[in-house]
Amino acid sequence: MKCQFCNREKVDRIFYVDWMGTVYQVPVCDSCLNKMWKRASQSGQTEEFKKYTGWWPGKQEPRHLGDRAFPEDAVEGLRRRRKLAALRIRLSEAAEDENYEEAARLRDDIEAMEEVCRHGN
């Protein structure tokens with residue numbers, strides 16, 4: 001998708017604008033977005049820009065589904081707890097789907113991992 005303003009191929013953000021009941025996509029590259037911010041700040045309209053776009057320089061972006069909450073090089077105990085939580089979710093899903101063989105295997109894996117956690121090995 002190309003930037004609405006400069007026609008470059010790389011788009012960093014897509015805004016959805018509701019104009020008179022019709023929703024339009026406005027793809028914008030980072031360079032054009034920063035230029036728009038500079039114009040808004042020069043004209044004293046930074047608050048309006050923030051309200052309209054929901055963006056401003058330095059704004060923390062929210063985490064997205066699939067982003068890792070913890071780094072992969074986290075301490076071993078934390079990685080085990082994360083893996084246990086994931087196994088418990090999979091166990092719950094397998095039980096809901098009545099996939100009892102998978103649920104039994106996951107239950108055994110959870111018990112083995114909990115045993116390792118208790119003994120610290």
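A nonpolar core, the idea I would like to begin with, is a set of buried Ala, Val, Leu, Ile, Met, Phe, Trp, Tyr and Cys residues joined through side-chain atoms within 4.5 Å, where buried means under 20% relative accessible area, exposed means over 50%, and partly exposed lies in between (1.4 Å probe, protein chains only). Please keep in mind that this is a predicted model, in which local features need pLDDT of at least 70 and side-chain atom pairs count only at pLDDT 80 or more, while totals for chains, interfaces and linings use all residues. Residues are numbered from 1 along each chain as its sequence is written, and side-chain values use heavy atoms, with hydrogens and water left out.

Let us turn to the cores themselves. The largest nonpolar core has 12 residues, among them Cys3, Phe15, Val26, Cys32, Trp37 and Trp55. Two or more residues of this core come from each of β1 (13-19), β2 (22-28) and α1 (30-42), these names being DSSP runs numbered from the N terminus, with helices (H or I) of at least four residues and strands (E) of at least two. Helix α1 gives the most to this core, with 4 residues. If we look at cysteine 32 and leave aside its neighbours within four places in sequence, we find it in contact (heavy atoms within 4.5 Å) with Cys3, Phe5 and Cys6. There is also a second, separate core of 7 residues, which includes Leu84, Leu87, Leu106 and Ile110. As background, in soluble globular proteins nonpolar side chains tend to be buried together.

Now to the charged side chains. A salt bridge here is a side-chain nitrogen of Lys or Arg within 4 Å of a carboxyl oxygen of Asp or Glu, and by this rule the count comes to 6.

Which residue does glutamate 47 meet in a salt bridge? The partner is lysine 50, at 3.6 Å from N to O, and the two are separated by about one helical turn because they sit 3 residues apart in helix α2 (residues 46-53). Glutamate 47 is partly exposed at 45%, and lysine 50 is partly exposed at 26%.

In helix α4 (residues 100-119), arginine 105 and aspartate 109 are 4 residues apart, about one turn of the helix, and they form a salt bridge whose closest N and O atoms are 2.9 Å apart. Aspartate 108 forms a salt bridge with arginine 107, at 3.1 Å between the closest N and O atoms. Finally, salt bridges that share partners join Arg90, Glu102, Arg105 and Asp109 into one network.
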